[in-house]
Amino acid sequence: MARALIIVLDSVGIGGAPDAEAYGDAGSDTLGHIAEACAAGRGDRAGLRAGPLRLPHLAALGLGLAAAGASGRIPPYLAPEGPPGGAYGHAVETAAGKDTPSGHWEIAGLPLPEPWGHFPDTAPAFPTDLVQTLIAEGGLPGILGDRHAPGVAIIDELGAEHLRTGRPICYTSADSVFQIAAHEDDFGLEQLYDLCRVARRLCDPYRVCRVIARPFVGSPETGFRRTGNRKDFAVEPPGRTLLDQAEAAGRAVVSVGKIGDIFAHRATGREIKPGPNAACLKAGLEALQDLPDGGLIFVNLVDFDTEHGHRRDVPGYAAELEAFDARVPEILAALRPGDLAVITADHGNDPTWTGTDHTREQVPVLAFGPGIAGRAIGRRDSFADIGATVAGHLGLPWDGAGRPFLKEGQHAG
């Protein structure tokens, strides 16, 4: 029986979506603009990387060709040297927005039917009743922030006042999100999580997708830094997903990185949350060694987004892409006959773009495994085609959205 591995390169978009203009993102292209910046010498950083963006293994799977389908051009140095080693294409999101949960849910076969609620870009940003109730139920002396802001910047700005007053830092963005930052030691990690659980309930009437705990450590003298103990409190998916189908069929499911949080821990099987990209990929490949026939591993690699996209860090993003590319041979070596691997993304976060928010983009779809023929699968009209394809590969009953792009048992020759 077949097995499947889905790896989401969080925010690695490959060109503006057809409706990108409605989001202010017409012309955005995360991968393409990074490659162009590196080719022009703007991706260099002493001690980190230099020169053109080199992704030979991803290019061999068809990444540059997938990008050309989405944007009309192959990014510099990403043309394959021979026939592509996998089925490659580009996918368009049907759900409104450009956030992580709706992107992942659609990958798993569940496009969000209605738009999320968002907080306005005003100061204050949050409804007075929500804030007052959060203060009362959380036993707080008040809150700080109450506006749109980049997470690192607002912690740098208000971290000292937070330590002095005990008031947590509450902020939002263009995403459907309510974020709470607090000092991991002085405020306490469990208190922060408990406060986020209160905020989750209070945000439900506003159709806010995620409440995110953003713990940090440090001091005004040494500076502040966020820790790996972030926790997302997401709305539960409003319908069945690929994970639900796998669980109902009694299949082994392993969720790595943020996947458990994104799906509100429903049907997410064994959850592993080891930290940065390298650790998450290592955990996913180790889990693949023991995964029984018919099993599914779902991996999110978030550092592209949080560490580099939101920080508009072109060299860092490029280095993260190159580090992942260097691990692709490990993925290929871990696959057994009958296995299917899919590399994709959930939205864009163009580090050359204005602001610090996600960008509405198309995503790559690279499907490969022993014997799977390299070929173009063209434009996919929904991320849900990935879920439909994986379900078909695993022999799962499918009542979700999407159209499979590989026929059951399709192989080269």
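Buried here means under 20% relative accessible area, exposed over 50%, and partly exposed in between, with a 1.4 Å probe and protein chains only. The structure is a predicted model, in which local features need pLDDT of at least 70 and side-chain atom pairs count only at pLDDT 80 or more, while totals for chains, interfaces and linings use all residues. Residues are numbered from 1 along each chain as its sequence is written, and side-chain values use heavy atoms, with hydrogens and water left out.

Ala264, in the loop between H9 and strand E10 (270-272), has a positive phi near 55° although it is not glycine; with a relative accessible area of 21%, Ala264 counts as partly exposed. His265 is found in that loop between H9 and E10, also has a positive phi, near 60°, and is partly exposed at 39%. Most residues other than glycine have a negative phi, and most peptide bonds are trans. A cis peptide bond joins Ala123 and Pro124, with omega about 5°, and Pro124 sits in the loop between H4 and helix H5 (128-138). Helices (H or I, at least four residues) and strands (E, at least two) are DSSP runs numbered from the N terminus.

Turning to the overall layout, the domain assignment, automatic or from a database, gives domain 1 (4-112 + 238-394) and domain 2 (128-234). Their C-alpha centres lie 29 Å apart. Contact (heavy atoms within 4.5 Å) links 15 residues of domain 1 with 12 residues of domain 2. The two domains bury about 1,100 Å² between them, of which carbon and sulfur atoms give 51%; this is the accessible area (1.4 Å probe) lost on putting the two parts together, summed over both. In domain 1, Pro101, Asp261 and Asp357 lose the most area to domain 2, together 32% of what that side buries. Helix H4 (100-107) and helix H9 (259-262) each supply at least two residues of the domain 1 side.

Lys258, in the loop between strand E9 (253-256) and H9, is buried at 5% relative accessibility. Beyond residues up to four places away in sequence, Lys258 touches Asp10, Thr100, Arg210, Arg230, Asp232, Asn300 and Val302.
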